[in-house]
Amino acid sequence: MRPRTWIATGAGLGLAASMLTTALALAPLATFNTLMPKDAGGKLAADGVPYGAGARRTLDIYAPARPATGPLPVVIFFYGGSWASGDRGGYGFVGRALAARGFITVIPDYRIGPETVYPGFVEDGVAALRWVRAHIGTRGGDPDRIVLAGHSAGAYIAAMLALDARWLGRDRAAVKGFAGISGPYDFYPFDVGSSKAAFGAWPRPEETQPITWAGAGAPPTLLLIGGDDETVRAHNSQSLTAKLKAAGVPVTLRRYAGMGHVGMVTAFARPFRTRAPVLADVVDFAHGVTAR
């Protein structure tokens, strides 16, 4: 069986959550995804497409239900899980939501601990993007208009690809924007078990930090944080915002009062969108940076 991401507790979803939400907070995201009403405007177009060798180097593709008149912008969304858990199958609610709003959406799996540590999951992010660049044109997407997005540990992967020019080389020019949701970008020294396990063996720890690589040449950036997030602290996005602004990179930081860490991604699901405009803000940003 593939590992599943488990939602932590009702605290991340807020005190106003319903009994259904509380129950879902104890269930795997795959169950959450199954129970959520589906966006009729988005569909799963391809499931488990290999982008490299191994069971976890596969991806799902979501597309608008109605045929498009031309190539659509692409969002590559990396899910979270402390670099040690997660499964693309739990994030169909994200893929359909973005596809229904005009994007070809790609959700890759990637290697996690203990199978790999840094930089293995970043390398898988590179491989997934290069697969998209080579193949997404046959599936209705524009390989030259890509937005990298992610939540939590997935936001970290997206940030490294967007900010550290060593990873993508020429392919970086196709990245028109980066949208990070509740992401860790400035977390050295490592002081929790998940970061120690994923990064502690790297001999030059500063290299593992997105904040190290933020500077001129980075794509326009949107950073979203929850006001009640106690898993990834706000300073990660705040310090990254300051460094990007100092380098002249267009960056927007938005904070949603009352939102916890998990609630920031479940806000993509239809019943929870009224709690914070996370989906709307990501969609507006992605359309803006990929407009022809």
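Author: Gladly! Let's start with one cut-off: a residue is called buried when its relative accessible area is under 20%. Do keep in mind that this is a predicted model.

Reader: Which residues of helix 4 are buried?

Author: In helix 4, Gly120, Phe121, Val122, Asp124, Gly125, Val126, Ala128, Leu129, Trp131 and Val132 are buried, so each has a relative accessible area under 20%.

Reader: What span does helix 4 reach, and what is expected?

Author: Helix 4 has 16 residues, 120–135, and its first and last C-alpha lie 22 Å apart. The expected value at 1.5 Å a residue is 22 Å, so the span is close to expectation.

Reader: Why is strand 2 described as largely enclosed?

Author: Seven of the seven residues of strand 2 (residues 58–64) are buried, so the rest of the structure largely encloses this strand.

Reader: What makes strand 1 and strand 2 a pair?

Author: Pairing needs at least two bridges. Strand 1 (residues 42–50) and strand 2 have six, in the antiparallel sense, so they qualify.

Reader: Which residues have the most contacts inside the largest nonpolar core?

Author: Phe121, Leu148, Tyr156 and Phe268, in a core of 90 residues. Helix 5 (residues 153–163) supplies the largest share of this core, ten residues.

Reader: What does Phe268 touch beyond its neighbours within four places in sequence?

Author: Its contacts include Phe93, Val94, Leu98, Ile181 and Val282.

Key
Residues numbered from 1 in each chain as written. Predicted model: local features only at pLDDT ≥ 70, side-chain atom pairs only at ≥ 80, totals over all residues. Heavy atoms only, no water. Buried < 20%, exposed > 50% of the residue type's maximum accessible area, 1.4 Å probe, protein only. Helix = DSSP H or I, 4+ residues; strand = E, 2+ residues; numbered from the N terminus. Core = buried A, V, L, I, M, F, W, Y, C linked by side-chain atoms within 4.5 Å. Contact = heavy atoms within 4.5 Å.
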